Amino acid sequence: MEGGLIVLAAALLLFLSPEVQGTAHLSFANDTQVVNITRDGCGVSKLCVDTPNNCDPSGSSPCLFVSVMSSVAMAPNGVNLSVELSGESAGYIAVELISNASESSMLFICAQNSSNNGSFFFRTMQRNDTTLTPTETIVKEIRGTVNGGMIKCEFIVPNLNASNTRSTATTFSLLLGNGSFSGSAFGAFIISRNSGPLDITQPNSNVPSTAAPISNTTMPSNTTMPSNTTMPSNTTMPSNTTMPNNSGALQPHAVLLLLSVLTLSVLLRV
(Lines give C-alpha, C1' and ligand atoms only; values in the text may rest on other atoms or scores of the structure.)
Protein backbone atom coordinates (compact mmCIF):
# COMPACT_ATOMS: atom_id res chain seq x y z
CA MET A 1 0.00 0.00 0.00
CA GLU A 2 2.81 2.39 0.93
CA GLY A 3 4.62 1.55 -2.33
CA GLY A 4 1.50 2.50 -4.34
CA LEU A 5 1.20 5.84 -2.56
CA ILE A 6 4.84 6.65 -3.25
CA VAL A 7 4.42 5.95 -6.97
CA LEU A 8 1.26 8.07 -7.08
CA ALA A 9 2.98 10.96 -5.31
CA ALA A 10 5.94 10.79 -7.65
CA ALA A 11 3.66 10.81 -10.69
CA LEU A 12 1.77 13.81 -9.29
CA LEU A 13 4.99 15.75 -8.72
CA LEU A 14 6.16 14.91 -12.22
CA PHE A 15 2.90 16.22 -13.69
CA LEU A 16 2.97 19.44 -11.65
CA SER A 17 6.63 20.24 -12.27
CA PRO A 18 6.64 23.13 -14.76
CA GLU A 19 10.03 22.36 -16.31
CA VAL A 20 9.16 18.84 -17.41
CA GLN A 21 9.01 18.57 -21.20
CA GLY A 22 6.53 16.48 -23.16
CA THR A 23 3.06 16.52 -21.64
CA ALA A 24 0.37 15.05 -23.87
CA HIS A 25 -0.41 18.26 -25.78
CA LEU A 26 3.18 19.50 -26.04
CA SER A 27 5.92 18.03 -28.19
CA PHE A 28 9.49 19.25 -28.37
CA ALA A 29 11.86 19.33 -31.32
CA ASN A 30 14.92 17.11 -31.29
CA ASP A 31 17.23 20.13 -31.38
CA THR A 32 15.45 21.91 -28.55
CA GLN A 33 18.13 24.54 -27.97
CA VAL A 34 18.75 25.65 -31.56
CA VAL A 35 16.95 29.00 -31.61
CA ASN A 36 17.90 31.88 -33.90
CA ILE A 37 15.44 34.79 -33.98
CA THR A 38 15.99 37.86 -36.17
CA ARG A 39 13.94 40.50 -37.96
CA ASP A 40 14.74 38.94 -41.32
CA GLY A 41 11.52 38.55 -43.31
CA CYS A 42 9.38 40.90 -41.20
CA GLY A 43 6.57 42.32 -43.34
CA VAL A 44 7.52 40.01 -46.22
CA SER A 45 7.39 36.37 -45.12
CA LYS A 46 6.37 36.75 -41.47
CA LEU A 47 4.20 39.09 -39.41
CA CYS A 48 6.14 40.82 -36.62
CA VAL A 49 5.00 42.61 -33.47
CA ASP A 50 7.49 44.15 -31.07
CA THR A 51 8.19 46.69 -28.38
CA PRO A 52 9.95 49.07 -28.72
CA ASN A 53 8.86 49.47 -32.33
CA ASN A 54 11.18 47.86 -34.86
CA CYS A 55 13.57 46.61 -32.19
CA ASP A 56 16.08 43.90 -33.04
CA PRO A 57 15.69 40.60 -31.16
CA SER A 58 19.23 39.61 -32.16
CA GLY A 59 20.75 42.83 -30.76
CA SER A 60 21.86 43.81 -27.28
CA SER A 61 19.14 46.39 -26.55
CA PRO A 62 15.89 45.39 -24.77
CA CYS A 63 13.42 43.96 -27.26
CA LEU A 64 10.21 42.02 -26.69
CA PHE A 65 9.49 40.43 -30.05
CA VAL A 66 7.13 37.94 -31.66
CA SER A 67 6.81 36.81 -35.25
CA VAL A 68 4.23 34.50 -36.80
CA MET A 69 4.33 32.73 -40.13
CA SER A 70 1.16 31.08 -41.38
CA SER A 71 0.53 28.20 -43.73
CA VAL A 72 -2.25 28.47 -46.31
CA ALA A 73 -5.66 28.56 -44.61
CA MET A 74 -7.66 25.36 -45.13
CA ALA A 75 -11.25 25.20 -43.87
CA PRO A 76 -12.25 23.93 -41.40
CA ASN A 77 -8.80 23.14 -39.96
CA GLY A 78 -7.43 26.66 -40.10
CA VAL A 79 -3.68 27.27 -40.39
CA ASN A 80 -0.45 25.96 -38.99
CA LEU A 81 1.21 28.88 -37.24
CA SER A 82 4.98 29.05 -36.71
CA VAL A 83 5.85 31.37 -33.81
CA GLU A 84 9.11 33.01 -32.69
CA LEU A 85 9.17 34.69 -29.27
CA SER A 86 12.04 36.56 -27.67
CA GLY A 87 12.50 38.87 -24.69
CA GLU A 88 13.99 39.42 -21.25
CA SER A 89 12.40 38.24 -18.02
CA ALA A 90 13.38 36.61 -14.77
CA GLY A 91 10.10 34.66 -15.00
CA TYR A 92 8.36 34.29 -18.34
CA ILE A 93 7.58 35.99 -21.63
CA ALA A 94 4.37 35.23 -23.49
CA VAL A 95 2.23 35.97 -26.49
CA GLU A 96 -1.55 35.86 -26.30
CA LEU A 97 -3.70 35.29 -29.37
CA ILE A 98 -7.21 36.67 -29.06
CA SER A 99 -9.64 35.61 -31.77
CA ASN A 100 -11.44 38.47 -33.45
CA ALA A 101 -14.35 36.16 -34.37
CA SER A 102 -14.92 34.05 -31.25
CA GLU A 103 -13.12 36.29 -28.71
CA SER A 104 -11.41 33.23 -27.26
CA SER A 105 -7.81 33.56 -26.13
CA MET A 106 -4.71 31.38 -26.00
CA LEU A 107 -1.61 32.29 -23.98
CA PHE A 108 1.71 30.70 -24.97
CA ILE A 109 4.37 30.95 -22.25
CA CYS A 110 8.13 30.56 -22.61
CA ALA A 111 9.68 30.62 -19.15
CA GLN A 112 12.69 29.96 -17.00
CA ASN A 113 12.66 28.25 -13.64
CA SER A 114 15.10 30.17 -11.47
CA SER A 115 14.82 27.52 -8.77
CA ASN A 116 16.20 24.97 -11.22
CA ASN A 117 19.22 26.79 -12.66
CA GLY A 118 17.09 28.89 -14.97
CA SER A 119 16.01 25.91 -17.06
CA PHE A 120 13.61 26.53 -19.94
CA PHE A 121 10.02 25.30 -19.93
CA PHE A 122 6.88 25.92 -21.95
CA ARG A 123 3.20 26.17 -21.03
CA THR A 124 -0.17 27.00 -22.58
CA MET A 125 -2.68 28.98 -20.57
CA GLN A 126 -5.97 30.82 -20.81
CA ARG A 127 -6.14 34.28 -19.25
CA ASN A 128 -9.09 35.70 -17.40
CA ASP A 129 -7.97 39.16 -16.31
CA THR A 130 -5.07 38.36 -13.92
CA THR A 131 -5.90 34.68 -13.49
CA LEU A 132 -4.08 32.12 -15.65
CA THR A 133 -5.63 28.71 -16.13
CA PRO A 134 -3.74 25.78 -17.72
CA THR A 135 -5.09 24.55 -21.06
CA GLU A 136 -4.18 21.70 -23.37
CA THR A 137 -3.69 23.62 -26.61
CA ILE A 138 -1.67 21.40 -28.91
CA VAL A 139 1.80 22.81 -29.64
CA LYS A 140 4.55 21.11 -31.65
CA GLU A 141 8.25 21.48 -32.43
CA ILE A 142 9.01 23.49 -29.29
CA ARG A 143 12.53 24.89 -28.95
CA GLY A 144 13.78 27.18 -26.22
CA THR A 145 16.88 28.70 -24.66
CA VAL A 146 17.63 30.79 -21.59
CA ASN A 147 20.72 32.97 -21.36
CA GLY A 148 20.72 34.99 -18.17
CA GLY A 149 17.47 36.95 -18.41
CA MET A 150 17.08 36.40 -22.15
CA ILE A 151 14.44 33.84 -23.15
CA LYS A 152 14.00 32.71 -26.75
CA CYS A 153 11.61 30.10 -28.07
CA GLU A 154 10.07 28.76 -31.26
CA PHE A 155 7.01 26.56 -31.69
CA ILE A 156 4.21 25.58 -34.06
CA VAL A 157 0.49 25.81 -33.30
CA PRO A 158 -1.35 23.44 -35.67
CA ASN A 159 -4.91 23.85 -36.94
CA LEU A 160 -5.35 27.36 -35.59
CA ASN A 161 -8.74 28.88 -36.38
CA ALA A 162 -10.24 32.11 -35.06
CA SER A 163 -13.75 30.87 -35.76
CA ASN A 164 -15.88 28.28 -33.99
CA THR A 165 -17.72 27.50 -37.22
CA ARG A 166 -16.67 25.39 -40.18
CA SER A 167 -15.29 28.44 -41.94
CA THR A 168 -11.72 29.58 -41.45
CA ALA A 169 -11.01 32.92 -39.79
CA THR A 170 -7.48 34.23 -39.48
CA THR A 171 -7.85 37.56 -37.65
CA PHE A 172 -6.26 37.70 -34.21
CA SER A 173 -4.95 40.34 -31.85
CA LEU A 174 -1.41 39.59 -30.65
CA LEU A 175 -0.62 40.65 -27.10
CA LEU A 176 3.00 40.69 -25.95
CA GLY A 177 4.02 40.70 -22.32
CA ASN A 178 5.78 39.01 -19.43
CA GLY A 179 5.32 37.98 -15.86
CA SER A 180 6.89 36.36 -12.84
CA PHE A 181 7.31 32.72 -11.90
CA SER A 182 7.79 31.71 -8.27
CA GLY A 183 8.86 28.13 -8.91
CA SER A 184 5.35 26.78 -8.57
CA ALA A 185 2.97 29.49 -9.82
CA PHE A 186 2.79 32.06 -12.58
CA GLY A 187 2.26 35.72 -11.81
CA ALA A 188 -0.16 37.92 -13.74
CA PHE A 189 0.47 38.48 -17.44
CA ILE A 190 1.64 42.08 -17.83
CA ILE A 191 0.82 43.33 -21.33
CA SER A 192 3.44 45.50 -23.01
CA ARG A 193 2.03 45.61 -26.53
CA ASN A 194 -1.38 44.96 -28.12
CA SER A 195 -1.24 44.77 -31.89
CA GLY A 196 -4.98 45.11 -32.43
CA PRO A 197 -6.74 42.82 -34.95
CA LEU A 198 -4.37 41.49 -37.61
CA ASP A 199 -4.72 38.92 -40.38
CA ILE A 200 -2.01 36.44 -39.42
CA THR A 201 -1.85 35.10 -42.99
CA GLN A 202 -0.70 38.53 -44.26
CA PRO A 203 2.89 39.35 -43.21
CA ASN A 204 2.37 43.02 -44.02
CA SER A 205 -1.01 43.43 -42.31
CA ASN A 206 0.50 45.80 -39.71
CA VAL A 207 2.81 47.62 -42.13
CA PRO A 208 1.46 51.13 -42.79
CA SER A 209 0.39 51.49 -46.39
CA THR A 210 2.18 54.18 -48.32
CA ALA A 211 0.10 56.32 -50.63
CA ALA A 212 1.28 56.50 -54.18
CA PRO A 213 3.29 59.68 -54.74
CA ILE A 214 1.31 62.49 -56.29
CA SER A 215 3.00 63.51 -59.50
CA ASN A 216 3.41 67.20 -60.14
CA THR A 217 2.42 67.28 -63.76
CA THR A 218 2.51 70.98 -64.47
CA MET A 219 2.68 73.15 -67.47
CA PRO A 220 5.97 75.00 -67.76
CA SER A 221 5.74 78.00 -65.47
CA ASN A 222 6.79 80.42 -68.18
CA THR A 223 5.00 79.03 -71.16
CA THR A 224 4.49 82.20 -73.20
CA MET A 225 3.49 83.04 -76.64
CA PRO A 226 6.13 85.06 -78.53
CA SER A 227 5.77 88.54 -77.08
CA ASN A 228 6.83 90.42 -80.17
CA THR A 229 5.32 88.66 -83.09
CA THR A 230 6.07 91.35 -85.68
CA MET A 231 6.08 91.83 -89.33
CA PRO A 232 9.56 92.38 -90.73
CA SER A 233 10.63 95.77 -89.40
CA ASN A 234 11.62 97.18 -92.78
CA THR A 235 8.80 95.89 -94.89
CA THR A 236 7.97 99.11 -96.82
CA MET A 237 5.83 100.08 -99.66
CA PRO A 238 7.78 101.79 -102.45
CA SER A 239 8.29 105.35 -101.21
CA ASN A 240 8.42 107.06 -104.63
CA THR A 241 5.78 105.39 -106.63
CA THR A 242 5.29 108.00 -109.36
CA MET A 243 2.87 108.44 -112.15
CA PRO A 244 4.31 109.21 -115.56
CA ASN A 245 5.79 112.72 -115.47
CA ASN A 246 3.48 114.05 -118.25
CA SER A 247 0.30 113.36 -116.33
CA GLY A 248 0.05 116.99 -115.01
CA ALA A 249 2.82 118.99 -116.84
CA LEU A 250 2.22 121.04 -120.06
CA GLN A 251 4.11 119.98 -123.16
CA PRO A 252 6.16 122.57 -125.16
CA HIS A 253 3.89 122.52 -128.22
CA ALA A 254 0.93 123.27 -126.04
CA VAL A 255 2.69 126.38 -124.69
CA LEU A 256 3.42 127.62 -128.16
CA LEU A 257 -0.20 127.10 -129.15
CA LEU A 258 -1.35 129.10 -126.16
CA LEU A 259 1.01 131.98 -126.92
CA SER A 260 -0.21 132.05 -130.51
CA VAL A 261 -3.83 132.32 -129.41
CA LEU A 262 -3.01 135.15 -127.02
CA THR A 263 -1.06 137.08 -129.65
CA LEU A 264 -3.86 136.75 -132.18
CA SER A 265 -6.34 137.99 -129.62
CA VAL A 266 -4.28 141.10 -128.95
CA LEU A 267 -3.87 141.87 -132.66
CA LEU A 268 -7.62 141.62 -133.28
CA ARG A 269 -8.30 144.25 -130.61
CA VAL A 270 -5.93 146.80 -132.20
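User: Where is lysine 152 found?
Analyst: Lysine 152 is found in strand S10, residues 150-160, a strand being a DSSP run of E with at least two residues, numbered from the N terminus. This is a predicted model, in which local features need pLDDT of at least 70, side-chain atom pairs count only at pLDDT 80 or more, and totals for chains, interfaces and linings use all residues. Residues are numbered from 1 along each chain as its sequence is written, and side-chain values use heavy atoms, with hydrogens and water left out.

User: Is lysine 152 buried or exposed, and which side chain of opposite charge is nearest?
Analyst: Lysine 152 is buried, meaning under 20% relative accessible area with a 1.4 Å probe and protein chains only. The nearest side chain of opposite charge is aspartate 56, 7.6 Å away, and lysine 152 has no salt bridge, which would need a side-chain nitrogen of Lys or Arg within 4 Å of a carboxyl oxygen of Asp or Glu.

User: What does its side chain reach, then?
Analyst: The side chain of lysine 152 reaches the backbone oxygen of proline 57 at 2.9 Å, and its side chain also joins that of serine 86 at 3.2 Å.

User: Switching topic, in what order do the strands of the open sheet stand?
Analyst: The order of the six strands is S1-S9-S10-S4-S3-S2, with mixed pairing, where two strands pair if DSSP finds at least two bridges between them. Strands S1 (26-28) and S2 (47-51) stand at the edges with a single partner strand each, so one side of each is left without a neighbour in the sheet.

User: How many bridges pair S2 and S3?
Analyst: Five bridges, in the antiparallel sense, pair S2 with strand S3, residues 64-70, and leucine 47 stands opposite valine 68 in S3.

Key. Helices (H or I, at least four residues) and strands (E, at least two) are DSSP runs, numbered from the N terminus. Buried means under 20% relative accessible area, exposed over 50%, partly exposed in between (1.4 Å probe, protein chains only). Lys and Arg count as positive and Asp and Glu as negative; His and the chain ends are not counted. A polar contact is a pair of N or O atoms within 3.5 Å; within protein, one must be able to donate a hydrogen and the other to accept it, and residues adjacent in sequence count only if both atoms are side-chain atoms.
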